[in-house]
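Me: I'd like a close look at one part of this model. Please keep it brisk.

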Amino acid sequence: MELNHMSPSPTPPTPTTDGDEPCMIDVTDMAINSVLLLICFCGLMGNGAVIRLVCSLIRRNPITNYILNLTAINFSFLLIMATLSLLYMMENAFCSAVVPLMYQSSLFLLPLLSYNMGMYLLTAISIERCMSILCPLWHRCRRPQHLSAVVCALLWALSITFVAAMASLCTWHDHEHCQRALISMYVLNFFIFAPAMVISNGILFFKVLCGSRRHQPKRLYIVIFLTVLFFLIFGVPLSIWSFLQQFSYTVVPNQVVFLLACINSSINPFIYFLVGSCQRRCSLVSLQVAFQRVFEEPEDNTARSNDTTMDTLAPAS
């Protein structure tokens, strides 16, 4: 089950002896995939709750548009990884392929779409909030009304274009063309999106840390900082591992990096809840209240500065 070294688990076991003796089952792989399934289940529950809150219970604003797209991407990534893990465990147990080889390449491109889109959205969120600090007047009064929706649509188009190109080159062309396309995608991610995300998030962090403005939406900035930080810790290793795989260089087992990626996609709802729950005295509140404290805070603060801004920021489309 490999697509240019992008699969979440090694090739399923095959019988090692002739006759009717059963094949060997990799207990370690089964254990790791079981843990991965548990993480995916928790992440699906948390991200599903966030999607429900954003769609039905929370006032929509530009930042929640990004959060909704990011949460949907994390949900889809976890769903895909859970499905692939189940398929691998079945292949491991029955010592035979469950999914025909011709369809496996397409399956393993789906996590790539979700992963890239998650990185692009985090970059957009970081730049958006950085601009709100560096250019507050523009952000309050001249920011295009549907900017977040347009940015999300463009990022979706970019990510889908990348994956479609990967699917075409890796399915119908030789390995060299596929490898070049993958390397080009990783170079774009490493040298354009990742630096922009880190630099804008760093500026945002230091501006908030050193600033004297009283009505800054600090909960939101803490959430963005922690989300980017955990992405760098748990999400980036998958890109690094996949890039090195193009040169046949392996540092850690593939199960480890996919496990870390699943943790990254599962942890955001818990960040929203913990940051939104803490005031001067930390107390547990409902997920809806915690979510409102984090993501409706910018609207309230902006209203204090400019009453007319609500007409600009309120639309959700």
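Which residues form one aromatic cluster with Tyr186, and how is that cluster put together?

Reply: Keep in mind that this is a predicted model. The cluster consists of Tyr186, Phe190, Phe243 and Phe247. The structure holds 11 aromatic pairs. Two of the pairs that involve Tyr186 are described here.

Start with Tyr186 and Phe190. Their rings are stacked, 6.3 Å centre to centre, with 20° between the planes. An angle under 30 degrees counts as stacked. Both residues sit in helix 6, which spans residues 175-210. They are 4 residues apart, so about one helical turn separates them.

Tyr186 is buried, at 1% relative accessible area. Phe190 is partly exposed, at 22%. The cut-off matters here: buried means under 20%.

Now turn to Phe243. Tyr186 pairs with Phe243 edge-to-face, at 6.2 Å centre to centre and 90° between the planes. This pair links distant parts of the chain. Tyr186 belongs to helix 6 and Phe243 to helix 7, 57 residues apart. Phe243 has 22% relative accessibility, so Phe243 counts as partly exposed.

Put together, Tyr186 is stacked with Phe190 and edge-to-face with Phe243. Phe247 is also a member of the cluster.

Among the residues closest to its centre is Phe231. The lining has 8 nonpolar, 8 polar and no charged residues.

Definitions and conventions:
Residues are numbered from 1 along each chain as its sequence is written. This is a predicted model: local features need pLDDT of at least 70, side-chain atom pairs count only at pLDDT 80 or more; totals for chains, interfaces and linings use all residues. Side-chain values use heavy atoms; hydrogens and water are left out. On a 1 Å grid over the protein atoms alone, a cavity is a set of points where a 1.4 Å probe fits but cannot get out, and a pocket is an open set with protein on both sides within 12 Å along at least five of seven lines; lining residues have an atom within 4 Å of a point. Ala, Val, Leu, Ile, Met, Phe, Trp, Tyr, Cys and Pro count as nonpolar, Asp, Glu, Lys and Arg as charged, and the others, Gly among them, as polar. Rings of Phe, Tyr and Trp (its six-membered ring) pair if their centres lie within 6.5 Å; planes under 30 degrees apart count as stacked, over 60 as edge-to-face and the rest as tilted. Helices (H or I, at least four residues) and strands (E, at least two) are DSSP runs, numbered from the N terminus. Buried means under 20% relative accessible area, exposed over 50%, partly exposed in between (1.4 Å probe, protein chains only).
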